[in-house]
2 protein chains.
Amino acid sequence: MQHPENDEQYEGLTVNAGVDRLPTVNPYFKPKKRTPRRDADYYVAGILRGDMTILAQAVTLVESNLPADQLIAQKVIEQCLPHSGNSVRVGITGVPGAGKSTFIEALGTELCKAGQKLAVLAIDPSSERSRGSILGDKTRMQELSATDGAFIRPSPSAGSLGGVARKTRETIVLCEAAGYNTVLVETVGVGQSETAAHSMVDFFLLLQVTGTGDELQGIKRGIMEMADGIAINKCDGSNVEKAQVARTQFKNALALFPPTESGWKPYAVTCSAVEHTGVMDVWNMVEKYIEFTKKNTFFTRNRTRQAKYWMYETINQHLLDSFYHNETMEEEIEEAERQVLGNKVSSFVAAHELLDKYSTLCRQQQ
Amino acid sequence: MQHPENDEQYEGLTVNAGVDRLPTVNPYFKPKKRTPRRDADYYVAGILRGDMTILAQAVTLVESNLPADQLIAQKVIEQCLPHSGNSVRVGITGVPGAGKSTFIEALGTELCKAGQKLAVLAIDPSSERSRGSILGDKTRMQELSATDGAFIRPSPSAGSLGGVARKTRETIVLCEAAGYNTVLVETVGVGQSETAAHSMVDFFLLLQVTGTGDELQGIKRGIMEMADGIAINKCDGSNVEKAQVARTQFKNALALFPPTESGWKPYAVTCSAVEHTGVMDVWNMVEKYIEFTKKNTFFTRNRTRQAKYWMYETINQHLLDSFYHNETMEEEIEEAERQVLGNKVSSFVAAHELLDKYSTLCRQQQ
């Protein structure tokens with residue numbers, strides 16, 4: 001059976017192209033070896049004793065689309081679930097150029113120095129096309145990768161946001177069972193990946209840069225109100241004053257927002273990931289938030305709600321996909337859209353006609 | 001056949017309670033008479049010649065849950081659709097106490113004076129329980145009710161938000177066909193009713209009051225970023241200075257937001273609905289926005305998208321309702337939730353087990 005990982009096996013420059021019928025292999029390219037699959041108990045035991053290599057192998061199973069792999073993966077997750085939950089989960093978002101990778105490297109290095117075990121994950125549904133736009137290149141986090149106690153995993157590149165998000169959420173379970181007590185989930189500042197990340201973390205951090213104009217372009221509206229805190233990065237060199245002005249501006253803006261559900265009042269701090277300054281101020285904010293929400297029980301209520309959210313989200317996605325990805329329906333839907341846009345029929349009548357057709361179709365198919 | 005409207009027939013104080021077996025009726029309470037239903041053509045002709053009474057009757061059909069009424073209503077809507085669309089649709093939201101009704105009365109009176117035909121509708125899914133918390137009491141808009149060219153209709157009280165929203169959206173079609181060129185949709189500052197209103201209007205106005213603290217309580221996070229403009233009401237008497245400070249604050253906050261999809265830059269103005277000052281400044285903002293978005297074609301693109309949105313929203317709601325309101329499934333879902341919250345099974349496995357059960361159930365029922 002061909003394992004998805006093997007797709008990359010013959011990548012790279014081809015030498016002697018066309019000389020023989022064997023696949024041409026770049027001799028400087030070392031193909032990944034497929035690790036033979038073991039049974040669930042093997043992975044669970046490895047994870048519970050904190051074996052990073054086995055954890056990485058188990059995450060590969062979680063990310064695999066092969067039914068055989070998924071069967072093992074789900075058993076592993078089930079056995080890890082009772083050992084999960086003991087971590088602080090932080091989502092980090094920001095526009096491209098806000099310095100997310102550098103910030104995570106700076107923060108992560110500090111946290112590991114302080115003895116914490118840190119897992120860095122990512123949600124980026126576009127990573128397949130862009131070949132890992134975030135975290136894909138571990139060399140961008142060279143220092144952190146080499147640090148004891150840090151586990152870095154690029155975004156699963158599995159197409160749909162739902163799929164990517166599921167894999168990241170399940171990876172959190174495995175990391176926590178392996179003893180990682182801090183989980184950072186990086187996400188790009190566009191699309192729906194923030195909502196997904198927001199729905200699996202305790203604290204959601206927005207990384208901003210100075211300025212009020214074009215710098216903000218690219219970040220989705222609504223994300224600012226989703227944030228539990230804002231860190232204004234690049235507060236260094238000639239930028240210090242601008243960053244401090246921005247901090248005041250964001251502080252004033254946040255004060256205008258209605259109270260959060262948690263009762264927490266989000267605020268803004270400045271930092272410089274490059275100079276490693278202020279990074280722990282950001283972390284202090286996270287810790288204060290955790291203390292605050294644990295005290296008023298929002299922390300637990302939120303996690304409970306998130307677990308339910310993912311169950312319902314999975315159900316909803318499946319129910320809708322069955323309708324919209326039905327080949328016959330796709331044509332009908334197109335036609336209905338035309339009718340609605342041509343003012344021939346109301347949106348509601350069109351919807352009900354489609355539903356009737358779908359229900360007839362389901363009966364016929366059985 | 002009992003018409004829903006008749007439920008209210010025996011309301012009010014009961015006199016001679018228990019004296020006889022006839023329902024006791026409050027002699028001071030005048031029961032609503034049910035208007036006999038006519039065929040679709042009758043209503044369409046009435047609407048197209050701008051007959052307010054017939055328009056009101058047709059809206060009653062749209063709001064009715066009786067299948068026979070719905071059949072006529074949908075025919076009427078279909079015939080009105082080609083005559084709809086020629087209006088400016090404005091959504092208005094704000095916390096209770098922001099003075100929405102007074103503001104609408106002030107603005108509406110001015111608009112009617114200027115010769116516009118104005119329809120005032122509402123979306124308030126809670127109106128059944130609270131007996132019409134918004135617009136329910138027309139006496140709150142006494143002046144406007146008596147103004148020529150104004151058509152005021154309280155929120156349909158039909159339970160689910162989806163149902164209420166559908167009825168309001170269909171009522172817009174009828175009003176536009178009747179020649180109303182300005183439609184205001186009022187909504188309460190809580191819950192999901194804003195999203196619904198936002199999805200059927202061209203311009204979404206947030207009515208605020210001064211202050212940055214408790215006054216903002218009750219408005220949902222995210223609404224500020226949804227607004228195309230902010231009006232700070234109650235800029236009168238000793239409040240003028242505070243309102244102007246608030247305006248600057250909101251102005252600064254809005255500048256921090258990323259650009260809107262329309263390219264429009266939302267801004268804030270002050271007004272006093274009680275003193276009728278600044279109300280037309282708000283309207284100027286709306287007009288500027290309409291001009292701006294018509295020029296860059298966002299206006300049309302947005303309306304197209306809204307029509308599609310309502311078709312898909314109706315489909316999605318129906319597909320999900322069939323699953324969640326299935327009696328057998330309800331029990332299964334409860335059990336699955338318990339399993340997920342007890343860390344016995346992952347959210348994703350639980351979801352797929354439920355979906356399998358549902359699919360078996362559907363097969364059996366056929």
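The model is predicted, so local features require pLDDT of at least 70 and side-chain atom pairs count only at pLDDT 80 or more, while totals for chains, interfaces and linings use all residues. Residues are numbered from 1 along each chain as its sequence is written, and chains are lettered from A and ligands numbered from 1 in the order in which they are written.

**Chain A**

Select chain A and display its secondary structure: 13 helices and seven strands. Helices (H or I, at least four residues) and strands (E, at least two) are DSSP runs, numbered from the N terminus. Of the 366 residues in this chain, 41% are buried. A buried residue has 20 or more other C-beta atoms within 10 Å of its own, an exposed one 12 or fewer, and a partly exposed one a number in between, with C-beta atoms placed from the backbone. Among contacts in chain A with a separation of 6 or more, 70% link residues 24 or more positions apart; a contact requires C-beta atoms, placed from the backbone, within 7 Å.

**The two-fold axis**

**The interface**

Now select the residues in contact between the chains: 53 from chain A and 54 from chain B. On the side of chain A, H11 gives the most, with 12 residues. That side divides into 30 nonpolar, 15 polar and eight charged residues; Ala, Val, Leu, Ile, Met, Phe, Trp, Tyr, Cys and Pro count as nonpolar, Asp, Glu, Lys and Arg as charged, and the others, Gly among them, as polar.

**Helix H11(A)**

Select residues 298-324 of chain A. This helix, H11, has 27 residues and reaches 37 Å from its first C-alpha to its last, close to the 39 Å expected at 1.5 Å a residue, a span taken as 1.5 Å times one less than the number of residues. Its buried residues include Ala307(A), Trp310(A) and Met311(A). The buried residues of H11(A) pack against helix H6 (161-177) of chain A and against H10 (298-324), H11 (327-341) and H12 (347-365) of chain B.

**Leu174 and the core**

Move to Leu174(A). Leu174(A) and Leu174(B) touch the most other members of the largest nonpolar core, which has 159 residues. Such a core is a set of buried Ala, Val, Leu, Ile, Met, Phe, Trp, Tyr and Cys residues joined through C-beta atoms within 7 Å. Among the residues that Leu174(A) touches are Ile47(A), Leu55(A), Val62(A) and Cys80(A).

**Strand S5(A)**

Finally, select residues 203-208 of chain A. Six of the six residues of this strand, S5, are buried, so it is largely enclosed by the rest of the structure. Phe203(A), Leu205(A) and Leu207(A) point one way, and Phe204(A), Leu206(A) and Gln208(A) the other. Strand S1 (residues 88-94) runs parallel to S5(A) and is joined to it by five bridges, with Val90(A) opposite Phe203(A). Strand S6 (residues 229-232) is also parallel to S5(A), through four bridges, and Leu205(A) stands opposite Gly229(A). Strands pair if DSSP finds at least two bridges between them.

Note on methods:
Contact = placed C-beta atoms within 7 Å. Lists of a residue's contacts leave out its neighbours within four places in sequence.
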